[in-house]
Amino acid sequence: MEFSYNQKREWANAAQRSVVMTRRGMAASSHHLATLSGYKALSGSGNAVDAAVAMLSTLSVLEPYSVGIGGDAFALIYLAKKDKLIGMNASGRAPYKATGDWFSGKGLTAMPEMGMLPVTVPGALHGWAQAVNRYGRLRLEDLLEDAIYYAEAGFPVTEVIAGEWKDREQVLLSHKSSANTYLINGKAPQPGQVFRNKDLANTYKSIARDGIDALYKGEICKAIVDFSKNHGGLLTVEDFKDHTTTWVEPISTDYRGYTVYELPPNGQGITALEMLNILEGYDISGLGQNSPEYLHLLIEAKKIAFHDRDTRIADPDFEEIPIDNLLSKEYAAECRGKINPERAMIPSGNPARVGGSDTVFVTAVDEERNAVSFISSIFVPFGSGMVVDGTGIILHNRGKSFSLDPKHPNRVEPHKRPMHTIIPGMVCKDKRFLLSFGIMGGDMQPQGHVQFLINLIDFKMNLQTAVDSPRVRHMQGTDVYLEDGIPKETISGLEKKGHRISKEPRSVNQVGGGQAIYLDRYQNILLGASDRRKDGCVIGY
């Protein structure tokens, strides 16, 4: 990785765009207007934290099916002067009324995906505000300016966003307020069509004026609670009043001399670290990038790590999770003993399937070299499908991840956080910041983190090529999705090992999108990459 932009010419040619390079500050997101919001914060009097929150708030208008103040957020924040890495968990908790007995009394055996029942308390806005208040330089109201402008004046919908919006048209049509707010004459906006959201603009104006108490204690809170009650939900004023953002110690593992950081449970970051530990025992670089031998090991490591995820990860305030054991090199060696290099295993149990690729990840590094890896989401596209009347707020459906099995660690309980999928990542070298990165998309996120890092570390790709390189996604059982660009020889090789390669045409991206910023400490320059699969970009100055 020390030579991530100075390598053989064929790698540079494989990337669809060049690595962005600059000296002072850098911001990256999945939409150019959001990245511009981050740049404005950085080049003004703000820092990396301010830039990240500015990008997220703008994205909540531009890419509403992915992110918003009706969802959750997580962050890794590196403070350069203190040489310290801090973790933020801004995930919301289940309503106090959400008990297993309540759901079983309704005859449910699994959490619903749509409607009010899977809605937990939204934690995103609380996390955005706490990050800015603790570590930023600007006021939250200043960072909402672009979001308010684009919601009120409108913006042309970009191509990728239009396609994903169209895919969820029927979800929006299922509820009057959702259709009225996020469809134009009953249709998703077309590429280039100007979209406005005046209800959301007014909501953000209220927050800019009254602070986040508007949502957690004030009129917006009342509107959400009344809406929930009128539509069979369980949320109360007490649920919002008692919400808190949690500041946590990041977890990590060493991968070939690099320290990879993730956040601890209730998130699935530990799953990516476990996969890296397993794969470290193989000569990955000798197998070849996207070879059948490498991808087979990747898929098998994923199955093992995800079995641990699905059986052990829960809210640590409610369950004891064996983090040290799961991250030990000894346990990784045991896991490798389960892998047959010639045959795909059939996963045991009934794994939780978390689909979709809709989340937003942003990253920023400022002139002082503070760095932020920030991710925010409303879970599946357009979340629960429920938009609170008159607010423009899409409520997430993160409670879908709870289990209704009373013996499962991730069982639904009052004021409990569900197992979470959104994970920011960072890498340090010699205990100093090196790289901020994230790959979005449900179950794809740990798989994407691992493939991106292996592209950099084992295959010595430059940053942009490592982001753009074709990805693989294990779905469930022996089903595997391979993105266009994977060699035909790899497909046949995987099939011979017992993998079932999905050949179904897919209109929506299945492998997520990523952003990354790398600090070359030798020259003190920043390198940035933004995924070809999204509408975004990197801006440096």
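**Chatting about strands and helices**

Biologist: Hi! Is strand S4 mostly enclosed or open, and why?
Modeller: Strand S4, residues 84–90, is largely enclosed by the rest of the structure, because six of its seven residues are buried. Keep in mind that this is a predicted model.

Biologist: Which way do S3 and S4 pair?
Modeller: Strand S3 (residues 72–79) and S4 pair in the antiparallel sense, over seven bridges. Alanine 73 sits opposite alanine 90 in S4.

Biologist: And how many residues lie between the two strands in that hairpin?
Modeller: There are four, and aspartate 83 takes a positive phi near 50° in this hairpin.

Biologist: How many bridges join S4 to S7?
Modeller: Three bridges, and the two strands run antiparallel. Strand S7 covers residues 246–248, and its tryptophan 247 is the bridge partner of methionine 88.

Biologist: Switching to helices! What span should H2 have?
Modeller: With 12 residues at 1.5 Å a residue, H2 should span 16 Å, and its end C-alpha atoms are 16 Å apart, so the two agree.

Biologist: Which residues of H2 are buried?
Modeller: Among them are Leu33, Ala34, Thr35 and Leu42. The buried residues of H2 pack against several elements, including H3, H7 and strand S10 (360–365).

Biologist: You mentioned H7. Which of its residues are buried?
Modeller: In helix H7 (residues 145–153), they are Asp146, Ala147, Ile148, Tyr150 and Ala151. What covers them includes helix H2 (32–43), helix H3 (48–62) and helix H11 (198–210).

Biologist: What comes just after H7?
Modeller: Glycine 154 does, with a positive phi of about 95°.

Definitions and conventions:
Residues are numbered from 1 along each chain as its sequence is written. This is a predicted model: local features need pLDDT of at least 70, side-chain atom pairs count only at pLDDT 80 or more; totals for chains, interfaces and linings use all residues. Side-chain values use heavy atoms; hydrogens and water are left out. Buried means under 20% relative accessible area, exposed over 50%, partly exposed in between (1.4 Å probe, protein chains only). Contact means heavy atoms within 4.5 Å. The expected span of a helix is 1.5 Å times one less than its number of residues. Two strands pair if DSSP finds at least two bridges between them.
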